[in-house]
Every structure is written in structure tokens, then in C-alpha cells.
Amino acid sequence: AASGWQPVWVRDSLCVMSIGFMLPSRDDAVVWRGVRKNGLVKQFLKDVDWGNLDFLVIDAPPGTSDEHITVAQSLKHTDNVAAIIVTTPQE
């Protein structure tokens, strides 16, 4: 779209975006690290046409805090933004 990538609307008040929507098959795995993974996180924040949001929920995989750091750094110069980051221990 001219205004950016379009999220998938699940309900009137809930839309989602996933790299899974861009893969040829639902069974394909994505094993990205570092710059490539963080670049996609930034693209989802910058290039997806989220519209006006009350909340943005980001579900990050367990294992590292790379995504959390990338989100925090990407949004730190954005006005009127607050974040709550929830993590759970993984074995």
C-alpha cells in the first residue's frame, strides 16, 4: 500500500502483523539473528500502517532481549509513547 505495509485485521479493534504472513508456507521457519532480525522489528514499527493506536502489543520470542532493546531504542524519540515490557523465564 502507498501508506506502508498493511496489518491483518482480526477484529474491528485488533490488527496483527507477522513475518509468517510473508513466508511461502506456514511450515517455513525463520532463523534470523542480529542486524537482520532487528531490521525487521524496526520495519514493523516504521513501515506498517498501524493507524491510530491505543496500544501496540509486541510478542517477541524467548531467548534474547534483542527485540526488546530494538523496540525501546526505536521508540525513545517518539512523543506520547509509554511501554510495558513483560518477560517470562524460559527453560
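The legends below accompany an overview and several close-up views of a predicted model.

In this predicted model, local features need pLDDT of at least 70 and side-chain atom pairs count only at pLDDT 80 or more, whereas totals for chains, interfaces and linings use all residues. Residues are numbered from 1 along each chain as its sequence is written, and side-chain values use heavy atoms, with hydrogens and water left out.

**View 1. Overview of the protein, with two helices and two strands.** Read along the sequence, the elements follow the pattern β-β-α-α, where helices (H or I, at least four residues) and strands (E, at least two) are DSSP runs numbered from the N terminus. The C-alpha atoms fill a box of roughly 35 × 35 × 25 Å, taken along the principal axes. Of the 91 residues, 18% are buried, a class defined by under 20% relative accessible area, with exposed meaning over 50% and partly exposed in between (1.4 Å probe, protein chains only). The protein exposes about 7,800 Å², of which carbon and sulfur atoms supply 52%, the areas coming from the Shrake-Rupley method with a 1.4 Å probe and, for residues, with only the protein chains shown counting as cover. Among contacts (heavy atoms within 4.5 Å) between residues at least 6 apart in sequence, 55% join residues at least 24 apart.

**View 2. The antiparallel pairing of strands S1 and S2.** Three bridges join S1 to S2 (residues 14–16), and two strands pair if DSSP finds at least two bridges between them. A hairpin of two residues connects S1 to S2, and Trp9 stands opposite Cys15 in S2.

**View 3. The aromatic pair of Trp5 and Phe44.** A search of the whole structure finds one aromatic pair, where rings of Phe, Tyr and Trp (its six-membered ring) pair if their centres lie within 6.5 Å, and planes under 30 degrees apart count as stacked, over 60 as edge-to-face and the rest as tilted. The ring centres of Trp5 and Phe44 are 5.9 Å apart and their planes stand at 75°, so the pair is edge-to-face. It links distant parts of the chain, with Trp5 in the segment before strand S1 (8–11) and Phe44 in helix H1 (residues 34–47), 39 residues apart. Trp5 is partly exposed, at a relative accessible area of 29%, whereas Phe44 is buried, at 16%.

View 4. With a relative accessibility of 17%, Lys37 counts as buried. Its side chain makes a polar contact with the side chain of Glu67 at 3.0 Å, such a contact being a pair of N or O atoms within 3.5 Å of which, within protein, one must be able to donate a hydrogen and the other to accept it, while residues adjacent in sequence count only if both atoms are side-chain atoms. Leaving aside residues up to four places away in sequence, Lys37 touches Trp32, Thr64, Asp66 and Glu67.

**View 5. The buried residues of helix H2 (residues 66–75), which are Glu67, Thr70 and Val71.** They cover an arc of only 100° around the axis, which puts them on the same side of H2; the arc is that of the directions from the helix axis to the C-beta atoms. The buried residues of H2 pack against H1.

**View 6. Lys46, an exposed residue in helix H1.** The relative accessibility of Lys46 is 63%. Lys46 and Asn80 lie 34 residues apart in sequence and 16 Å apart in space, C-alpha to C-alpha.
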